[in-house]
Amino acid sequence: MNLAKEDKRMKKAWWKESVVYQIYPRSFCDSNGDGIGDLNGITGKLEYLKELGIDVIWLSPVYQSPNDDNGYDISDYRRIMAEFGTMEDYDRMLKRAHELGIKIMMDLVVNHTSDEHAWFVESRKSKDNPYRDYYIWRDAKGGKEPNNWGACFGGSAWKYDEKTDQYFLHLFSEKQPDLNWDNKEVRKKVFDMMTWWCEKGIDGFRMDVISLISKRPGLPDGPVGRSGYGDHGCANGPHVHDYLKEMNREVLSKYDLITVGECSGVTVEEAKKYASAEGTELNMVFQFEHMDLDGGENFKWNHEKIRLTELKAVMSKWQTELAGKAWNSLYWCNHDQPRMLSRIGNDTKEYRERSAKLLGTCLHMMQGTPYIYQGEELGMTNYPFQSLDEFRDIESINAYHELTEKKIVSPEDMFDYISYKGRDNARTPMQWDDSRQAGFTSGTPWIAVNPDYKEINAKEQMEREDSVFHYYQKLIRLRKEHEIIVYGDYKLLIPDSEELYVYMRSYEGQRLLVICNFAEKEMAYEVPEELMGEEGDVLISNYGRTELGHSAVLEPYECMAVLYA
């Protein structure tokens, strides 16, 4: 074995071998009937997650927050949001998770705070306040905003503050002022807070929009888009790697953590820095290239479909170019995406479960750490929105008003787009059983339950052996049984097919052939020449196939993983 292979093979880590489950607390389980999920609700469902087999929970923010952006606007990093419970509830949940062998990864939101955070309350009092430089304040330019940047949730990225006659920067909601990471006191305060949580016993951090923390010097205007605002261009700024290296030295390196950075605008080359195998910054990043394939001139607001050839090209690029240099995170769904089953799968009654299993197989057999979003293991689908007042998400609501009022998109089309792509699709309550409100709450839920909960729910699936739940349980178990799934090399086969996604994994003399038919029709398939004459072991199949010969006719949405030892 050559030295490069040996070196790569030896770099094993528990977080590479783990499967992460994301909980969106507001929508997971409500224990007290107020219609909002809470910490005690999560604690009560930990045995469910243990049975599924996951290793780590990524907990979306549970900190004190006025909830302008559902907890991603934090007013106190060391307190728990009252709607979710108390710090005692949190400690009990953490203790019980650890007893079950489940780790907890906190959501770290430090590009911005809430405008109700004590630091910002002080910062806006006067220009000479000690906290003034914790945020990014600027004078008007020509009687207008300091530059042309647009905010990610619509409108200008600047908010005028009469008291001091200056503007503050907010790349998201105007209630989410950006922290000034160039101020070393800000960094110290953030690192102190992270250490406080680590000492409490948490196991890692998912870092919200962490690629945006270093702004461009001079804050220059950006190219103007259809919205009339300029691109802020803050992704992968000049000092972002310096600041993350400092964070690593001061905090991360002192604990045995799992870390993942949400990195909008990240390239493969940048990812090699963020998630370097040397371990100087983070373990891995979330990239969005595969999520942006159906984007367009109006950001993501359209009804385009992702082409399989383009999806394969992006996924394969990240698989091959990070190999041995950095580590991939693997995901289809999260709280910011619609349900992938309704996006690139088939959510009709006939094919929903087969399609859900296919998506799981395609992703979980790749190299990287897989992330499951709550309900994905049940094959939950997009919500059938009927009116604008059913939406709760600030991004969708703001986009609807901005694009329709500017007559860029018609109201009918825009409603169709936010219904298809809106984040609320992922935020409807977890479907636990077929009782009222899907067993999520005894009260009125903060957002409506998907009416398909009678057919799609955890109770029914846990009792049925061929369910999506049990299939995901097997996918997770296979990663623990076969190192090739975690550490094997990746090679894409038949890249030009618009129906079949086929790839091969290789590790220490073994090969794993993964075949996924994304078409709603039968497809003929012939195994690669190098495997002709060899007998493979079908590890998993969504049609119950037990063997694969030299060729096969694949059923609609059929998938399998075949091991050749």
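**Figure 1. Helix H11 passes helix H16 in a right-handed crossing.** A crossing is right-handed if the near helix is turned clockwise from the far one by less than a right angle, and left-handed if anticlockwise. The model is predicted; local features need pLDDT of at least 70, side-chain atom pairs count only at pLDDT 80 or more, and totals for chains, interfaces and linings use all residues. Residues are numbered from 1 along each chain as its sequence is written, and side-chain values use heavy atoms, without hydrogens and water. H11 covers residues 352-364 and H16 residues 468-481; they pack at an angle of about 15°, with their axes 10 Å apart. The two helices are therefore roughly parallel to each other (angles under 35 degrees count as roughly parallel, over 145 as roughly antiparallel, 65 to 115 as roughly perpendicular and the rest as oblique). Axes are lines fitted to C-alpha atoms, for helices over the stretch in contact, and angles run from 0 to 180 degrees between N-to-C directions. Helices (H or I, at least four residues) and strands (E, at least two) are DSSP runs, numbered from the N terminus.

Contact means heavy atoms within 4.5 Å.

**Figure 2. Helices H6 and H7 cross at roughly 40°.** The axes of H6 (residues 184-200) and H7 (residues 240-250) come within 10 Å. That angle makes H6 oblique to H7, and the crossing is right-handed. Arg 187, Phe 191 and Met 194 of H6 meet Tyr 243, Glu 246, Met 247 and Glu 250 of H7. Four residues of this contact are nonpolar, none polar and three charged.

**Figure 3. Three strands form an open sheet in the order E6-E8-E7, with antiparallel pairing.** Strand E6 (137-138) and E7 stand at the edges, each with a single partner strand, so one side of each has no neighbour in the sheet. Two strands pair if DSSP finds at least two bridges between them. E6 is joined to E8 by two bridges, and Trp 137 stands opposite Phe 168 in E8. Four bridges join E7 (residues 158-161) to E8 (residues 166-169), where Lys 159 has Phe 168 as its bridge partner. E7 and E8 form a hairpin with four residues between them, and Asp 165 in the turn has a positive phi of about 55°.

Notes
Nonpolar A, V, L, I, M, F, W, Y, C, P; charged D, E, K, R; others polar.
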